[in-house]
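My entries follow in the order I made them.

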Amino acid sequence: MSILRKRMVALLLGLLAMTGEIDAEAGSSRYNADYFTNRPVVTHNGEKLRFYDDLIKDRIVVVSFIYTSCLDLCPLTTARLVEVQRRLAERGGTNISFVSLSVDPERDTPERLNAFADAFDVGSGWTFVTGMPEDMKVINHALGDRSRSLSEHRNEVVLGNDLTGEWARNSTFGDLERLVVDILAMDPEWRRTGRALSDRSMSREAVAGQISEQPGQALYKKLCAGCHTIGAGDRAGPDLLGATNRRDHDWLVSFIRSPDRQRATADPELAALVARFPGVRMPTLGLSDNDATDLVAYVDAVGSALFKEREQEALRNPSHDHGMAQPAAHHDHHDGATDPNSAHDHRDRGRGRARSSHHD
Ligand code: HEC
């Protein structure tokens, strides 16, 4: 099967790029306890583990490199990996472990890692790892992370299957669907089923579909959807439904371009929002004015369509709408899917809208 062959070659090339050396014999991988070490580490739950035996051995793993004070790309990497984990689960890829290694162990205490994991609402099977700086350095080095400054870690992930000894680098910034398939393909069982073929043609369709999408949509999916929804509740960041009604256009464009600068201004509304999401900050993504304008237009278009849909729904089914608009003293961030108005300022407006539809 030439596709499979190509895939194997790609994996081997990845491996080569990672270490400059290949051990082609199955079952005699050099990526063992000696290579990765059993140095002691601590998880985001405060559990003390041995690195190789407890986190790598006999597993398929997706390893990322993070530090919790990172303000640009690592939160985005994590957000995109959360989406990857979701998609893997949908495809039965639940045997895959996620390991996020701190590259800033001096500051990244288990508590901080725990808050970070919480902020992103990661699924089970995901371990954030810190430890003594010397130990973490050895472990990060074994996984190919040789960068010296913190800001050099960002979007790279390492995929590995300890059972087969296959290891490869990948990135979270390409097509996510492709990454999902690459991860699934670490499992020989999955490769044998041939589902890789159909999934890949699916992903090509998805890419073709993106081209005809609205401006801003592809960018939104890639850079924003990991942390935000429009009308389906809070994730690592707030639900953006109604954001374009609350805030004026120029504010949104400059916030999306440089959230750090906006946060530095005295803006009580933004300060309240920041307080509501303590574990993560909106990252500065280096977007142009045009990109940000497209993104605002997209968020606005989806939001308006949703409001319209809900108004119609309310007209058709007033009693159901009434239930949804029940006042709630406390808002649980995670039930936003059934409570579209969870963004604080939006609540009254949302109810006002729903009610006004009875007058129409
Ligand atoms: C790593 C997670 C993350 C990513 C990625 C992210 N955001 Fe955010 N976003 C947040 C958080 C957290 C906040 C809350 C305010 C803050 O942290 O500055 C926020 C706030 C916002 C707000 C203000 C909402 C309001 O109600 O005032 C807008 C608008 C926004 N983000 C748009 C975007 C867009 C557009 C993108 C994609 C280019 C994006 N965000 C990417 C986490 C994220």
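This is a predicted model: local features need pLDDT of at least 70, side-chain atom pairs count only at pLDDT 80 or more; totals for chains, interfaces and linings use all residues.

**Metal site**

I went to the iron atom of the ligand first. Which residues coordinate it? I found His-228, through NE2, and Met-282, through SD, at 2.0 to 2.1 Å. I then checked the geometry. The 6 donor atoms subtend angles of 87 to 179° around the iron atom, so the arrangement is octahedral. Ideal angles for six octahedral donors are 90 or 180 degrees.

Next I placed the two residues. His-228 sits in the loop between α10 (217–224) and α11 (243–246). Met-282 sits in the loop between α14 (268–276) and α15 (289–316). The pair therefore ties together parts that are 54 residues apart in sequence.

**Around the ligand**

I listed 26 residues surrounding the ligand. The closest are Cys-224, Cys-227, His-228, Arg-246 and Met-282. I then looked up polar atoms. A polar side-chain atom of His-228 is 2.8 Å from a ligand nitrogen. Arg-263 places a polar side-chain atom 2.6 Å from a ligand oxygen. For Met-282, a backbone N or O atom lies 3.0 Å from an oxygen of the ligand.

**Helices**

I turned to α15. This helix has 28 residues and reaches 41 Å from first C-alpha to last, close to the expected 40 Å. Its buried residues include Leu-295, Val-299, Leu-306 and Phe-307.

I moved on to α7, residues 176–184. How many of its residues are buried? I got 8 of the 9, so α7 is largely enclosed by the rest of the structure. Among the buried ones are the acidic Glu-177 and Asp-182. At the start of α7, a side-chain oxygen of Asp-175 comes to within 3.2 Å of the backbone nitrogen of Glu-177.

**Thr-68**

My last entry is Thr-68, in the loop between β3 (60–66) and α4 (73–90). Its relative accessibility is 13%, so Thr-68 counts as buried. What does Thr-68 touch, leaving out residues up to four places away in sequence? I found Asp-108, Arg-112, Leu-113 and Phe-116. With Asp-108, Thr-68 makes a side-chain polar contact of 2.5 Å.

Key
Residues are numbered from 1 along each chain as its sequence is written. Side-chain values use heavy atoms; hydrogens and water are left out. Donors are N, O and S atoms within 2.8 Å of the metal (3.2 Å for Na, K and Ca); water is not among the atoms, so sites may look incomplete. Four donors count as tetrahedral if all angles lie between 85 and 135 degrees; four count as square planar and six as octahedral if opposite donors are over 155 degrees apart and all others between 65 and 115; anything else is irregular. Helices (H or I, at least four residues) and strands (E, at least two) are DSSP runs, numbered from the N terminus. The expected span of a helix is 1.5 Å times one less than its number of residues. Buried means under 20% relative accessible area, exposed over 50%, partly exposed in between (1.4 Å probe, protein chains only). A polar contact is a pair of N or O atoms within 3.5 Å; within protein, one must be able to donate a hydrogen and the other to accept it, and residues adjacent in sequence count only if both atoms are side-chain atoms. A residue is near a molecule or strand if one of its heavy atoms lies within 4 Å of it. Contact means heavy atoms within 4.5 Å.
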